Amino acid sequence: IRAPLWSRGLGDVYKRQPMFSGTGTQLYNIKNWKTSMDTVIVAEGAFDAIGVYRALRAKRMDDKILAAASFGMSFTESPNGNDQVSRLLELKERGLKEVIFMWDDEKPAIKAAIAACKKVRRYGLRVKIAIVKGAKDPGDATVDQIMDAIRNAQEVKSDMQAMLLENRLTG
């Protein structure tokens, strides 16, 4: 099977995963975790994750950081473990230490990303919010814009700090 035009040159990284289940239970591209990685950047959509991946690849950081996507502005957690938080906890067992949410630079997305940070932080992972300046989302951003967003990502250490960060970022 030949990869779609938009993914040519990216190798097998972004081809559709076989047996892919509902979007609320999975994270796009999570199966490409490598033992050399300790960070996941969670973008909002697959094309955003591809933009992040291209930036990481251009800077030769794609062996250290995984670009993934959450399929929208929700980040699921359920008691039965069939959710997106559980996917990150599976990676935590394999060396994940930090999760960076890089969703669209819009108020609803920023609020949802901060809520996701609060969910994930409870499990002992370091969490950050990265905002791409000058671009609506990571899929439209340049390599430099994405790398600046990663460098300037704001860590969410407490619920109080999350509230202050949300107020500052959403006005």
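Keep in mind that the model is predicted.

I start with the pocket. The largest one holds about 170 Å³ of space. Its lining includes Ile129, Ala130 and Ile131, and also Asp148, Asn152 and Arg168. Two helices, helix 4 (143–151) and helix 5 (159–170), each supply at least two of the lining residues. Helix 4 gives the most, with three residues. Sorted by class, the lining has six nonpolar, three polar and three charged residues.

Asp148 is partly exposed, at 36% relative accessible area, while Arg151 is exposed, at 58%.

How many salt bridges does a search of the whole structure find? The search finds six. Another of them joins Glu90 to Arg87, the closest N and O atoms being 2.9 Å apart. These two are separated by about one helical turn, because they are three residues apart in helix 2 (residues 84–92). Glu90 has 40% relative accessibility and counts as partly exposed. Arg87 has 10%, under the 20% limit, so Arg87 counts as buried.

Now a pair from strands. Lys128 forms a salt bridge with Glu98, at 3.2 Å between the closest N and O atoms. This pair links distant parts of the chain, 30 residues apart: Lys128 is in strand 4 (residues 126–129) and Glu98 in strand 3 (residues 98–102). Lys128 and Glu98 are both buried.

Definitions and conventions
Residues numbered from 1 in each chain as written. Predicted model: local features only at pLDDT ≥ 70, side-chain atom pairs only at ≥ 80, totals over all residues. Heavy atoms only, no water. 1 Å grid on protein atoms, 1.4 Å probe; cavity = no way out; pocket = protein on both sides within 12 Å on 5 of 7 lines; lining within 4 Å. Points joined across faces, edges and corners; volume = space filled by probe spheres on them. Helix = DSSP H or I, 4+ residues; strand = E, 2+ residues; numbered from the N terminus. Nonpolar A, V, L, I, M, F, W, Y, C, P; charged D, E, K, R; others polar. Salt bridge = Lys/Arg side-chain N within 4 Å of Asp/Glu carboxyl O. Buried < 20%, exposed > 50% of the residue type's maximum accessible area, 1.4 Å probe, protein only.
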